[in-house]
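Me: I am new to this structure. Can you show me how to read its features, one at a time?

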Amino acid sequence: MKKELVINDKKIGFDTEPYIIAELSGNHNGDINRAIKLIDAAVASGANAIKLQTYTADTLTIDSNRSEFIVKGGPWSGQKLYDLYKQASTPWDWHPTIFQYAQKKNIHCFSSPFDDSAVD
């Protein structure tokens, strides 16, 4: 028995083209205009959807200087996890603008909520 899923009128299954999801995440670099441009880039690339992450630094970690909460290695080396998550998060007040713009551009937009408050 072949199973099929439909998202936004797009069939997903064994005999269909892949459903491509572009990740917005923290790639906006704190600039909503960049977030909008990333949606345009996702559309231009042929992505079927764009996903953002819904969280705040406070819902992911604590604001601590302890070594367990300091990034070791890589481009964020030396930063507190709290500061990194604060910088990378997509402000919740941007969500309506992002979702409306994605709808206007005919690309499915959804979010990965990180906790109960993000679901709301």
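**Reading the model**

Reply: Start with a single residue. Lys80 is buried, because its relative accessible area is 15% and the cut-off for buried is under 20%. Keep in mind that this is a predicted model.

Me: With which residue does Lys80 form a salt bridge?

Reply: Its partner is Asp63, and the closest N and O atoms are 2.5 Å apart. Both residues sit in the loop between helix 2 (57–60) and helix 3 (81–88), so the pair ties together parts that are 17 residues apart in sequence. Asp63 is partly exposed, with a relative accessible area of 48%.

Me: How many salt bridges does the structure hold?

Reply: Four. One of them joins Lys105 and Asp40, with the closest N and O atoms 3.8 Å apart. That pair links distant parts of the chain, 65 residues apart: Lys105 is in the loop between helix 4 and strand 5, and Asp40 is in helix 1 (residues 32–45). Lys105 is partly exposed at 33% relative accessible area. Asp40 is partly exposed too, at 27%.
Another salt bridge joins the side chains of Glu68 and Arg66, at 2.6 Å from N to O. Glu68 is partly exposed, at 47%. Arg66 is exposed, at 52%.

Me: Now the sheet. In what order do its strands run, and is the pairing parallel or antiparallel?

Reply: Strands of a sheet pair through backbone hydrogen bonds, in either a parallel or an antiparallel way. Here three strands form an open sheet in the order 3-4-5, and the pairing is parallel. Strand 3 (21–23) and strand 5 (108–113) are at the edges with a single partner strand each, so one side of each has no neighbour in the sheet. On average, neighbouring strands are turned by 35° against each other, direction ignored.

Me: Over how many bridges do strand 4 and strand 5 pair?

Reply: Six, in the parallel sense; strand 4 covers residues 49–54. Lys51 has Phe110 in strand 5 as its bridge partner. Helix 4 (residues 95–104) packs on the sheet and touches strand 4 and strand 5. The direction of helix 4 makes about 150° with that of strand 5.

Me: Is Thr54 buried or exposed?

Reply: Thr54 lies in strand 4. Thr54 is buried, with a relative accessible area of 3%. Its side chain makes a polar contact with the side chain of His95, at 2.8 Å. Beyond four places in sequence, the contacts of Thr54 include Trp92, Ser111 and Phe114.

Me: And what does His108 touch?

Reply: His108 is in strand 5. Leaving out residues up to four places away in sequence, His108 touches Ile7, Asn8, Tyr19, Asn48, Ala49 and Ile50.

Key
Residues numbered from 1 in each chain as written. Predicted model: local features only at pLDDT ≥ 70, side-chain atom pairs only at ≥ 80, totals over all residues. Heavy atoms only, no water. Pairing = 2+ DSSP bridges. Helix = DSSP H or I, 4+ residues; strand = E, 2+ residues; numbered from the N terminus. Axes fitted to C-alpha atoms, helices over the stretch in contact; angles between N-to-C directions. Contact = heavy atoms within 4.5 Å. Buried < 20%, exposed > 50% of the residue type's maximum accessible area, 1.4 Å probe, protein only. Polar contact = N/O pair within 3.5 Å; in protein donor to acceptor, adjacent residues only side chain to side chain.
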